[in-house]
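Please look through the sequence and the model shown here before reading on.

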Amino acid sequence: MKVKKAVIPAAGLGTRFLPATKAIPKEMLPIVDKPTLQYIVEEVIESGIKEILIIIGRNKNSIEDHFDRSIELEKELSEKGKQGLLGIVENISNLVDIHYVRQKEPRGLGHAIYCARTFVRDEPFAVLLGDDIVKSEPPCLKQLVDIYNEKKGSVVGVQEVPDEDLNKYGIVRYIDGIDGTYRIRNLIEKPEIKEAPSNMAIMGRYVISPAIFDILAETRPGKGGEIQLTDALNELAQSEDVFAHIFKGKRFDAGDKLGYLKATIEFALGKEDLGPELREYLKNLNLEQ
């Protein structure tokens, strides 16, 4: 069965970015001139998926507003002859049909995914975390969808991380594989170094079997007192094949201040109207000031 649906959890409180995220969703913080979330939505579309569900929480109405039409703004731009800006604004609302559901309380990523069960039904689906941006060609999600189509099993996107970062991610134990794709034996959420089975960390991209919903319904709170998707995937891996794929591309944690700054700089350097001048500025920057 083809992967036709994507779920983007965007209900987190953004505590790593306070006070900026007190009133602004972290997913709406701009990377140069586009909200973080728009990069993720565009990755979904470029991967051939047209049905998107965004899991939102309280005070996240600006997400819905951003992807909706803005009649007043469109009228103003049209009357002033600003056709370039008008096209940009119109393109945002025409990207794709997006659905929304509210996670009524912050009970973890696993619970957020469980909120998508009615939307997904009995189909395989993609998951993209709302503050993970991956710069890659082909798109990171497309790489995972291709592996799913080949292997007919759930896939998580992974990359190697240093020992000191193991307790920030879900870590996989894999047993066999080839060409960067490995069958998973089990997964551990945010282990200490001595508990980690490898240095392969899940990086915010998944293609998952709908069987996960029956498991999530019974999954008890784990690390941090939250229902962890990693725990449910670990159980899924005991009953059917789940694969880890080392995707090609550079991932930015845009929910982290340093990761956000790195993403902003790299995406700005890639823009024709900003890159050359920014590169020159950085070259001449007096770092001792």
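The report below covers confidence in the model, a hairpin, and a helix with one of its residues.

## Basis and confidence

This is a predicted model, in which local features need pLDDT of at least 70 and side-chain atom pairs count only at pLDDT 80 or more, while totals for chains, interfaces and linings use all residues. Residues are numbered from 1 along each chain as its sequence is written, and side-chain values use heavy atoms, with hydrogens and water left out.

The protein chain has a mean pLDDT (the predictor's confidence in each residue, from 0 to 100) of 90, and 99% of its residues reach 70 or more.

Strands β9 (residues 170-178) and β10 (residues 181-189) pair in the antiparallel sense over eight bridges; strands are DSSP runs of E with at least two residues, helices are runs of H or I with at least four, and both are numbered from the N terminus. Two strands count as paired if DSSP finds at least two bridges between them. The two strands form a hairpin with two residues between them, and D179 in the turn has a positive phi of about 55 degrees.

## Helix α9 and T230

T230 belongs to helix α9 (residues 229-236) and is buried, with a relative accessible area of 5%, where buried means under 20%, exposed over 50% and partly exposed in between (1.4 Å probe, protein chains only). The side chains of T230 and E189 are joined by a polar contact of 2.6 Å.

In α9, the buried residues are L229, T230, A232, L233 and L236. They lie on the same side of α9, because they cover an arc of only 160 degrees around the axis, taken from the directions from the helix axis to the C-beta atoms.

Key:
Polar contact = N/O pair within 3.5 Å; in protein donor to acceptor, adjacent residues only side chain to side chain.
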